[in-house]
Number of protein chains: 2
Amino acid sequence: MKVVLDAMGGDNAPHVPVMGAVQAAKEFGIKVILVGDESQIKKELSKYSFPIEKIEIVHADDVVSMDELPSKALKKKNSSLHIGTKLLKDKLADAFVSAGNTGAVMAISLFTLGRLKGVERPAISTILPSLSGKTFLLDVGANVDCKPVHLLQFAIMGEAYAKYVLKEENPKVGLLNIGEEEVKGNDLTKEAYKLLKAAREKGLNFIGNAEGRDIYSGKFDVIVCDGFVGNVALKLSESLAKILAKILKEEIESHFISKLGAITLKPAIKSFKKRIDYAEWGGAPLLGVKAPVIIAHGSSNAKAIKNAVKVASQFAESYLNEHIEKNIERYGKLNGY
Amino acid sequence: MKVVLDAMGGDNAPHVPVMGAVQAAKEFGIKVILVGDESQIKKELSKYSFPIEKIEIVHADDVVSMDELPSKALKKKNSSLHIGTKLLKDKLADAFVSAGNTGAVMAISLFTLGRLKGVERPAISTILPSLSGKTFLLDVGANVDCKPVHLLQFAIMGEAYAKYVLKEENPKVGLLNIGEEEVKGNDLTKEAYKLLKAAREKGLNFIGNAEGRDIYSGKFDVIVCDGFVGNVALKLSESLAKILAKILKEEIESHFISKLGAITLKPAIKSFKKRIDYAEWGGAPLLGVKAPVIIAHGSSNAKAIKNAVKVASQFAESYLNEHIEKNIERYGKLNGY
């Protein structure tokens, strides 16, 4: 198992990716190939001790910046993104991780690796903590204008990921909507509901509409939506959690008696943060391309990178893509779509 | 100033609406007309003392249930919703409040009162707390498939509400989108951006795209989106706040030392809840119909009803609808839409 890690991607590259690679190699024994500027990577690596056989460097001349347009990034053929994904294509490695520019990672992965057979649109997914565990939400930004069949295919890919990578026994799949009843929704979700219902007959564990509140309720293991709605939901959640914590802090500080007790709260707040911390979950899998790609948050710390590398290796070990292709063939192209 | 209150709407009607009416009459001196089953209302009223000249009863034989389809509700001509909105149409009262079935309140209000001149689609809006104050979000469920011009009109209605009812001096208006740049978004938001930019030339204070995180950041006073996205965002927010509080409680209880300090936290938690409590803000204005209508949450308590009555009277006093018609005429029908 070899995971390629983009050493140049993320807000604090190459410092953070290199530290994450060292941690992944030491803690999980995963072999990591760092792609990027060789001299910078070597300089960073020199700060740590680690099993040297676990870390390899592949040089890349160029870097895609965090705000570069994907169309421009595609032309930088010597970027760490191009060279990294090329290693997968050539079967020299098993999975790819980047905390770089999301649009560019997606475009270059798609260009270099191609789509899985039958998949019309790859999707970016994310794992969110829920009351009872976690919810897998997709798409969160790859596809802003979707057709009903895309949502059906997201459901198939999401179900497979929950089953084979997250090891949920019989993941419950829901369609994000504005009411529980079948007739509710906009044109897109009403049509998608019909396709998902038909796919249920063939084996998809679709249990119905999920509402906004269900993203965190734990009633569903997988929730599908178009990338516009998913992106709004994801960014809203990240900010709301931070803002609520900030308001709570302000209130604690403004009440004398609460301030006195605040110190006793520290262990609880620490566990609380851990439970809602995306860094625990690694990165967001890009589903529907021909090799495992994990997109980590641009502001990832070393722990998030380490966990993303671990998730990437689990993805590669799971034969997920074979399962997805089989299910797309089986019930992913219904009703003449 | 007379506010009509649907005594039969909400999860605990008529108990809660009647209690809310009494509180509004006593605290704010607002005259309230309770519409619904006269004998039930009288029975509830007998529990309280209040200035009797402030509360009137208008009998209605029928009730629209919380889960009734709007199409069916429209036919119940003797429902409290029909009779209540009819009082506005006949100028016998100034504003209407209901905590009943949202779809039915909207359909019947629209049917009885009609749309404002030039407004293509009425919108349901909501006030959300932000770090620096509040954000006015619309549409949150009335229109699930929108055209760009609808979003432009939501912006005009939202700006006017923030200015004339919420008394924001120069409210900043944003378009909910998945990136800050003008080119970002789906087909709907890219087109809507152009219209909003053109309206800015004519006076609309449109400051650009808002992301999911901005709903609570306080950077915008008004954010517009289609009703599908708005509804998901609203329900997600309500549940996430509750879930985070629950997780925090679980963590406090599982750490001995934190448990000891928890009692000191009570004043802080109380203020925290007050700051994020929708009941403080009253209800959600239905904008674009010819008279002030406020839709309160189905699970409203008496305080929420009381505040909704107050908001309704402020709405009626503000000449908001005249301002909206003027601005729709001025910059709400751009580019040949």
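**Interface and chain architecture in the predicted model**

About 4,900 Å² is buried between chain B and chain A, with carbon and sulfur atoms giving 75% of this area. Within the area that chain B buries against chain A, B:Ile178, B:Phe228 and B:Leu236 supply 13%, more than any other three residues. The contact draws 47 residues from chain A and 48 residues from chain B. These values, like those that follow, were computed from a predicted model.

The secondary structure of chain A consists of 11 helices and 11 strands. With a radius of gyration of 21 Å, close to the 20 Å that the globule rule gives for 337 residues, chain A is therefore as compact as a globular protein of that length. Taken along the principal axes, the box filled by the C-alpha atoms of chain A is roughly 65 × 60 × 35 Å. Of the contacts in chain A with a separation of 6 or more, 71% are accounted for by residues 24 or more positions apart.

The surface of chain A was examined in terms of area and charge. Chain A exposes about 13,800 Å², and carbon and sulfur atoms supply 52% of that area. The side chains of chain A include 47 positive and 40 negative ones. The centres of these two sets of charges in chain A lie 2 Å apart.

How values were computed:
Residues are numbered from 1 along each chain as its sequence is written. Chains are lettered from A and ligands numbered from 1 in the order in which they are written. This is a predicted model: local features need pLDDT of at least 70, side-chain atom pairs count only at pLDDT 80 or more; totals for chains, interfaces and linings use all residues. Side-chain values use heavy atoms; hydrogens and water are left out. Helices (H or I, at least four residues) and strands (E, at least two) are DSSP runs, numbered from the N terminus. The radius of gyration is taken over C-alpha atoms; the globule rule is 2.2 Å times the number of residues to the power 0.38. Contact means heavy atoms within 4.5 Å. Accessible areas come from the Shrake-Rupley method with a 1.4 Å probe; for residues, only the protein chains shown count as cover. Lys and Arg count as positive and Asp and Glu as negative; His and the chain ends are not counted. The place of a charge is taken as NZ of Lys, CZ of Arg, CG of Asp or CD of Glu. Buried area is the accessible area (1.4 Å probe) that two parts lose on being put together, summed over both.
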